[in-house]
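Please look over the sequence and the model before reading on.

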Amino acid sequence: MRRLISVIGIVFLSQLTGCATYGVIDNQSQTESDAPRNYSLMNYDANHSRSDDITLVLAFSGGGSRAAALSYGVLEGLRDTTITIDDEEVKLLNEVDMITSVSGGSFTAAYYGLHGNKIFEDFEKDFLRRDYVSEWLYGVASPLLWFSDKGRTDIATRIYEQRLFKGATFADLSQKDGPLILINASDLGGGIRFSFIQEYFDLLCSNIASFPIARAVTASSAVPVMLNPVVLKNHKGCYNPAQNYLEELDETRIEEAKLAPHLIETVKTLRSYKNRDERQYIHLVDGGITDNLGLMAFYELVEIGGGITNFMERIGSKPSKRLVIISVNASTKPRYNIEHTNEIPDIEPTISAVTDTQLHRYNAATISLIRRSMERWSDELSNFWQPIDPYFIEISFDGIQQESRRIFLNQIPTSLSLSEEQADELTKVGVELLQNNTDFQRLLHDIKREQ
């Protein structure tokens, strides 16, 4: 709470200076020669060395360092799980096709995408054991910032560059033989998710190849007010397949595709990027605002893209025997003291309680939607000779049986700072929740049964 008060005070003082703050523009305009280097679904299969026996998607939620540590533990659990595919023993982690992430989960996803198994050597010291809140506060408190046109977000990006990403761009990410990393933010003006992938950058006539990974992660975790939005320029002078597809997706095709009402609104907003004079700059903030689980980004790519069969074709993958989604949900259900007294609660616990209520209701609706969609996708991919089995594996603190342990984890605040005890426990519980999950055990049993 003291840190929150300090942040609010610094933000208030920065407003008193009267200096305008402008978002740094890092996204370059697009040319035809950029296409081969772009980080996109279409180019994903270029380095694809995973088996087509299983399609495995991970979704990392928001929740600051708490989410980063829990998802890191799940990666450890997948690394330590060996399966046999085509008479060859492989680590299940090596079969991950995509990681979709928001906010705190994006730190783990981006780091793994860039460094692969080196994450298990360096991520704890580079991220989980560092107090990024204090480092950011020191940067924001500098008098140099008060008289600069740079914002609080630039301080965060600079820290992530120095400590985690070392100047890496999406061109670097595209050269890795790893899963497709889908970092997600929220378009503040449009009210929809924005994914850091070339298909979305196409709508801005922009090239993602030179865009910094640190900037994307900052956007994904940029809590409004505390951090300024990350700003993208909506460039002019191009017309590409992504724009053309949205234009051709007329009302008849939308009706035939039976898109849900919220998807129709998403399509309309995606089309609005073509209004470049009206939407000159796109302001991106925390991805958890539009989807705190990271699941909806994958759902929208599939549904708006024409269904699961078209999606599999676009990423150069054959229909697998098994469709698996592992949702790593680090949201908490903390105990509030407001019900112990008739005293009117302060603003901080009131806002926290309201936010948590909305978050958990939306999370529950999202998970229900994904479960139903996976059944439908599996039916679509299946045929008489080759049925496709869906597995939705939900990792959350609800799976912890010991009450005292569950209470401890649920009281960890959303911040970019963990104590050693918190970091150790979150990593450990990530491994345990995965390995003890009944749907995960069912997946392993079914794979082993076929050998």
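The sections below take up the basis of the model, the helix pair and the disulfide.

## Basis

This is a predicted model, in which local features need pLDDT of at least 70 and side-chain atom pairs count only at pLDDT 80 or more, while totals for chains, interfaces and linings use all residues. Residues are numbered from 1 along each chain as its sequence is written, and side-chain values use heavy atoms, with hydrogens and water left out.

## Helices α2 and α18

Helix α2 spans residues 64-79 and helix α18 residues 420-436; their axes come within 7 Å and cross at roughly 50 degrees. Helices here are DSSP runs (H or I, at least four residues), and strands are likewise runs (E, at least two), numbered from the N terminus. Axes are lines fitted to C-alpha atoms, for helices over the stretch in contact, with angles running from 0 to 180 degrees between N-to-C directions.

Residues of α2 that meet α18 include Arg 66, Leu 70, Tyr 72 and Glu 76, and those on the α18 side include Leu 426, Val 429 and Leu 433. Contact means heavy atoms within 4.5 Å. By class, the contact of α2 with α18 has ten nonpolar, five polar and two charged residues. Ala, Val, Leu, Ile, Met, Phe, Trp, Tyr, Cys and Pro count as nonpolar, Asp, Glu, Lys and Arg as charged, and the others, Gly among them, as polar.

## The disulfide

The whole structure has one disulfide (a pair of cysteine sulfur atoms within 2.5 Å). The disulfide joins Cys 205 to Cys 238, with an S to S distance of 1.9 Å. The link of Cys 205 and Cys 238 is left-handed, at -95 degrees about the S-S bond.

Cys 205 lies in the loop between α9 (198-202) and β8 (206-207), and Cys 238 in the loop between β9 (230-233) and α11 (241-248). The two cysteines are 33 residues apart and link distant parts of the chain.
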